[in-house]
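This briefing goes through selected features of one protein model. Please keep the sequence and the structure open while reading.

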Amino acid sequence: MRQTERLSRNAENRLRRILPAAVLLVGVFMRLWQLGQVPGGVHQDEAFSAYEAYCLLENGTDSWGYPFPVYFTAWGSGMNALEIYLMMPMVALFGLTTWAIRLPQAIVACLTLPAFYGVMRRLFGERTGLAALFVLAICPWHILLARWGLESNLAPGFLIFGLYFFVRGMERPAFYPVSALFYGLSLYCYATIWVVVPVIIALEAGYALHTGRMRPDRHMALSALILLLLALPLLLYLLINQDILPEIRTPFLSIPRMREARIDEVSLSHAAENLRTMARMLILQTDGELYNAPSGYGLYYFPAVPFILIGAVCCAVRAARGLRSRQACAETLVLIQLLPALALGCLISGNIVRLNSIHMGVLMLETLGIEQVIRMFGRHRGCAGAVILAAYTALFAGFAHHYFTDYAERIDIVFREGLEEAVARAKELAGETGTIDVLGGIEFPRILFCDATDPRAYTGTVTWKDGAERWLQAASFTRYRFGVQDEPAGVIIADFEADLSSCEGYEREEYGWITVLYRKDRPIAN
């Protein structure tokens, strides 16, 4: 009998090790498989981030001539810095390719999986940690986020890294400075969370002090110093862009003055409307943008909504009891992640990316809601858990198939699949110095990326279209001209939005969703 019990325990221990590893492998596979092909093409924001990384490697400055800025000028109104700096080693090793520039985002997303598991396991136990890992590993929002290099979408991962090491710090204070490091770096992921991160840190520190898990000592002092040093350049950035200080430009660090900073986007003037927008986004699980949420599946799968609501109620009740009794309560930490992000949703006109600091907290509530529902079935909780697992697995299987088939075809249109091949062919047709016109909705950073335009040549030749406010649009640079010209070039690159009715006498070649046109009476360059 004892031998049987020992074998049973050994089998259970092996299963506990195998299951997290298996779920993690599924999650990693979904985030890395065909990373350079799906989505096909390149988004204008990831293209601009990649080109800025290329400029720094080639020239030591960004595309505006600033050495190593803490916030990039890019379109004129700014671009977050950390993704660009993480892209630099990838571009240096693998070249300016779609696969290479997506690696930083994909790696951070993959590392977020064990970090999220670690947080929930330490707060709520092994079973809850495994459930949370499963929920995140198959989550449509997180899979989509992982597979293209939008610089703002680094924020959820770094916030979870900060939380993970904070939870570890409550057990061993030496981890508090590591938590401070990741929270400080998160400020360079996305400007909107500049409002959220200080509140999260203050509430977490208050919680830890209240429950006796933190005390004023050298670890707390070092953590405060790390946060101050990382936040200082961005505080200077805010002062510079309020015309209080002049911009700073040194060989090793720059803090630029934006053409138009987006500081005024955070405001209470439209709080009620912003709240309605956020609620609609969370309930309908979409913001209408294909690259943020796949139609038919939602951000977290549509059956998640009741679990999220149940988890929110249970979390609030338990956290309130814990605060009244001055006892440690893991649910309080969950609410600390969520409430500042919800408050941010009242301050900005939100979409899935702008409110990306909210989603990890929502997934925590979803996990806790699932567990609460399973417990409600008492003796039949095993059957209830199996039904929920089967339902989520079926939804995930459907989503995975959809993502790499129908969704891949639809997103290829948005990302202008075929542009890299089209640019290479257009350059071949135009020869060394021939002019190339770009028509339709092909933004200029996509051309910079696909052409790998020399940074010095770009800076010396770029001209801008009139009438642009926050997002500048190039009229021309080097050999490329954007928009319909009085005298069209011999070679034209156009997408499906372009009006080609005036292109009589041009031969056409199709590359995915892009067309290359060239004049019949002009020979192809050798």
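**Charges over rings**

The charged end of Arg249 lies over the ring of Tyr66, at 4.1 Å from the ring centre. The model is predicted.

**Aromatic pairs**

- The count of aromatic pairs is 34.
- One of them joins Tyr164 and Phe165 edge-to-face, with 5.0 Å from centre to centre and 80 degrees between the planes.
- Tyr164 and Phe165 are both buried.
- Tyr301 and Phe399 form an edge-to-face pair, with centres 6.4 Å apart and planes at 80 degrees.
- This pair connects distant parts of the chain, 98 residues apart: Tyr301 is in the loop between helix H11 (271–284) and helix H12 (304–325), and Phe399 is in helix H15 (residues 381–414).
- Tyr301 has a relative accessible area of 1%, under the 20% cut-off, and therefore counts as buried.
- Phe399 is buried as well, with a relative accessible area of 0%.
- Tyr301 and Phe399 belong to a cluster linked by ring pairs, which also includes Tyr297, Phe307, Tyr392, Tyr403, Phe404 and Tyr407.

- Helix H13 (residues 330–347) has 18 residues, which at 1.5 Å a residue should span 26 Å. The C-alpha atoms at its ends are 27 Å apart, in agreement with that value.
- H13 is largely enclosed by the rest of the structure, because 15 of its 18 residues are buried.
- Leu335 is a residue of helix H13. Its relative accessible area is 16%, and it is buried.
- Beyond its neighbours within four places in sequence, Leu335 makes contact with Cys315, Ala316, Ala319 and Pro340.
- Between Leu335 and Ala312 the C-alpha to C-alpha distance is 8.5 Å, with a separation of 23 residues in sequence.

**Thr98**

- Thr98 is in helix H4 (residues 98–124).
- With 5% relative accessibility, Thr98 counts as buried.
- Residues up to four places away in sequence aside, Thr98 touches Gly36, Gly41, Glu420 and Phe449.

**Cavities**

- There are 2 cavities of 30 Å³ or more.
- The largest cavity holds about 80 Å³ of space.
- Its lining consists of Pro156, Leu159, Ile160, Ile200, Gln337, Asn356, Ser357, Met360, Gly361 and Met364.
- Helix H7 (155–171) and helix H14 (359–376) are the elements that give two or more residues to the lining of the largest cavity.

**Backbone geometry**

- Most peptide bonds are trans, and most residues other than glycine have a negative phi.
- Val38 and Pro39 are joined by a cis peptide bond, with omega at about 0 degrees.
- Pro39 lies in the loop between helix H1 (2–32) and helix H2 (44–59).
- Gln285 is not a glycine, but its phi is positive, near 60 degrees.
- Gln285 is in the loop between H11 and H12, and it is buried, with a relative accessible area of 1%.
- Tyr301, in the loop between H11 and H12, has a positive phi of about 80 degrees and is not a glycine.

Methods
Residues numbered from 1 in each chain as written. Predicted model: local features only at pLDDT ≥ 70, side-chain atom pairs only at ≥ 80, totals over all residues. Heavy atoms only, no water. Phe/Tyr/Trp six-rings, centres within 6.5 Å; stacked < 30°, edge-to-face > 60°. Buried < 20%, exposed > 50% of the residue type's maximum accessible area, 1.4 Å probe, protein only. Helix = DSSP H or I, 4+ residues; strand = E, 2+ residues; numbered from the N terminus. Lys NZ or Arg CZ within 6 Å of the ring centre and 35° of its normal. Contact = heavy atoms within 4.5 Å. Expected span 1.5 Å × (residues − 1). 1 Å grid on protein atoms, 1.4 Å probe; cavity = no way out; pocket = protein on both sides within 12 Å on 5 of 7 lines; lining within 4 Å. Points joined across faces, edges and corners; volume = space filled by probe spheres on them.
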